[in-house]
Structures are given as C-alpha cells and as structure tokens.
Amino acid sequence: MDRVKTGISGLDEMLNGGIPIGRHVALYGGPGAGKTSFCYEFLYHGAQMGEPGLYVTLEETPDDIVENMKNTFPMLSEIGKLVSSKKLEIIKPDKLELEEVANLLEDRITSNGIKRAVIDSATMIRLSFKNDIEYRQTLFEFLSLLRNLDVTSITTLEASTSKREEMRYDIEHFVMDGIINLYNLDREDRRIRAMEVFKMRGTDHSRDLVPFKVTPSGVKVYVGEKVF
Ligand SMILES: Nc1ncnc2c1ncn2[C@@H]1O[C@H](COP(=O)(O)OP(=O)(O)OP(=O)(O)O)[C@@H](O)[C@H]1O
Ligand SMILES: [Mg+2]
C-alpha cells in the first residue's frame with residue numbers, strides 16, 4: 001500500500017509508514033492541543049518533498065497562520081518561500097460551507113496539483129447545520145467527492161473535553177477514514193501533551209497513548225514512551 005509520510009517525528013512510525021494514500025483523517029483536540037501545528041507540519045514536509053499542499057483555514061487568517069507557525073517552528077526554514085512559490089497555499093474561503101471547500105480543493109488540485117490538504121477546523125461548518133442527519137449526509141457527499149480527487153487530507157475538529165475518558169463518538173468518528181486524538185492531559189499542577197491513533201482504515205497502527213512535544217524544529221512524538 002502506498003502511504004503519505006506526514007514527516008512528523010514518530011507519527012509515521014505509529015502509522016507503520018504514514019497515512020494510507022488518498023485517505024481522509026480527522027484530527028481531534030481541545031484548545032491549544034496542537035491541531036494547527038500538526039497540520040501545518042504535514043503540509044510543510046510534503047511541500048519540501050515536492051508535493052504541493054493546500055491549507056484551508058476556516059477561522060484564522062492565512063497571515064495569522066504563517067506568522068504563528070514561523071514563531072512556533074523557527075527551525076522549519078523557508079516558510080515564506082514555500083508560500084510564495086505556491087508549494088504551500090493557505091486560503092480562507094469566503095463562505096463557511098463544505099461545498100465551497102470542495103470547490104476550492106477541486107480548483108487547486110486541477111491548477112496546482114495539490115496532493116495534501118488540510119481543513120482547519122470543520123467544527124464551524126458543523127455548527128452551521130441545524131440537524132445531524134443533514135450534516136452527516138453532506139459530510140458523506142463531501143468525502144465521496146474528495147475520494148475522486150487524488151488527495152490525502154487532515155481535517156481538524158474541536159474536542160469538547162481534554163479528558164480521554166470523556167471523549168464521545170461524533171458523526172465524524174464513523175465517517176472519516178482515520179481518527180487521531182490530541183490531548184492536553186491534566187496532571188495536578190501541569191498539563192502534558194499526549195496523542196493516539198484511534199482508527200486508521202486499511203492499516204495496522206500503534207494503539208498506545210504516547211507523549212508529544214511542540215518544539216522549534218517540529219512536533220516530536222515519543223513513540224515507546226509512557227505518559228505519566
Ligand atoms: N515555540 C513553541 N514551543 C513550544 N510550544 C509552543 C510554541 N509555540 C506554540 N506552542 C504551544 O502550542 C500551542 C498552540 O498549538 P496549536 O496552535 O497548534 O494548537 P491548536 O490545537 O490549533 O489550537 P486552537 O484550538 O487555538 O486552534 C500553544 O498554546 C503553545 O502551548
Ligand atoms: Mg488551531
């Protein structure tokens with residue numbers, strides 16, 4: 001099976017080589033859990049390997065994303081160059097609609113050969129639906145369309161709790177090909193970052209809860225280490 005290497009230290013090992021190509025993964029996490037950092041790095045490493053990526057930001061402005069990521073990852077060089085050469089496109093659609101996002105993806109795949117895509121975050125889109133059935137149907141149609149395009153994607157979703165035992169199953173848990181959870185676990189006088197690959201259709205993967213850090217040279221996932 002062909003896989004798309006995320007380039008995130010430790011994560012590809014957990015995924016037995018990377019995300020199966022053409023699959024669509026949801027990345028869950030609470031506020032500040034590291035969702036944007038993970039997604040950004042996924043596109044950054046792709047762009048460096050010559051695979052153009054599209055970052056669809058639904059809340060922050062593209063300038064804010066670039067500014068924050070430059071500050072978070074000062075050792076990931078040439079961010080400005082990747083953006084100006086369109087190896088890494090960051091776009092905020094005019095409307096908060098899945099149809100608008102789908103059109104944008106289709107357009108950038110046709111004209112710029114996008115191979116990796118990020119949608120950050122889909123929670124706003126979900127909130128615009130009045131009922132779950134309508135949302136599930138629209139999400140399903142959106143994924144069917146994505147599957148016809150030659151692209152591998154990560155979509156972020158806001159988790160309503162930082163506690164692992166309180167995570168509920170959402171519609172996306174059943175519809176998406178893969179689920180990765182990021183946690184900001186509460187430990188008396190501090191919080192620690194941890195992650196798990198909860199599901200990944202079509203491949204074996206680690207089922208461990210593992211610690212990770214956001215460092216100036218990228219996210220580091222400490223495979224084989226315990227979370228204390
Ligand atoms: N240079 C850095 N070194 C270490 N940690 C950093 C650095 N820059 C940012 N962080 C941490 O990363 C967090 C933000 O990560 P990120 O923006 O990826 O999270 P997020 O899940 O997208 O958040 P949000 O829910 O606000 O969108 C910050 O709250 C901070 O704790
Ligand atoms: Mg974010």
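**Pockets and ring pairs in a predicted model**

Me: What volume does the largest pocket have?
Reply: This is a predicted model, and the value is computed from its atoms. The largest pocket comes out at a volume of about 230 Å³.

Me: Which helix gives the most to the lining of the largest pocket?
Reply: The lining is made up of 14 residues, and Gly 32, Lys 35, Thr 36, Glu 60 and Asp 120 are those that lie nearest the centre. By class, the lining divides into one nonpolar, seven polar and six charged residues. With three residues, the most is given by helix 2.

Me: Which element supplies the largest share of the lining of the second largest pocket?
Reply: The second largest pocket, with a volume of about 190 Å³, is lined by 13 residues, including Arg 126, Glu 158, Ser 160, Arg 168 and Asp 170, which lie nearest its centre. Helix 6 (123-127) and strand 7 (152-158) each supply at least two lining residues. The largest share, three residues, comes from helix 6.

Me: How are the planes of Tyr 40 and Phe 73 arranged in their aromatic pair?
Reply: The pair joins distant parts of the chain, since Tyr 40 belongs to helix 2 (residues 35-48) and Phe 73 to the loop between helix 3 (62-72) and helix 4 (79-84). The ring centres are 6.4 Å apart, and the angle between the planes is 20°. Because planes under 30 degrees apart count as stacked, the arrangement of Tyr 40 and Phe 73 is stacked.

Me: Is Phe 73 buried or exposed?
Reply: The relative accessibility of Phe 73 is 0%, and the cut-off for burial is under 20%. Phe 73 therefore counts as buried.

How values were computed
Residues are numbered from 1 along each chain as its sequence is written. Chains are lettered from A and ligands numbered from 1 in the order in which they are written. This is a predicted model: local features need pLDDT of at least 70, side-chain atom pairs count only at pLDDT 80 or more; totals for chains, interfaces and linings use all residues. Side-chain values use heavy atoms; hydrogens and water are left out. Rings of Phe, Tyr and Trp (its six-membered ring) pair if their centres lie within 6.5 Å; planes under 30 degrees apart count as stacked, over 60 as edge-to-face and the rest as tilted. Helices (H or I, at least four residues) and strands (E, at least two) are DSSP runs, numbered from the N terminus. Buried means under 20% relative accessible area, exposed over 50%, partly exposed in between (1.4 Å probe, protein chains only). On a 1 Å grid over the protein atoms alone, a cavity is a set of points where a 1.4 Å probe fits but cannot get out, and a pocket is an open set with protein on both sides within 12 Å along at least five of seven lines; lining residues have an atom within 4 Å of a point. Grid points are joined across faces, edges and corners, and a volume is the space filled by probe spheres set on the points. Ala, Val, Leu, Ile, Met, Phe, Trp, Tyr, Cys and Pro count as nonpolar, Asp, Glu, Lys and Arg as charged, and the others, Gly among them, as polar.
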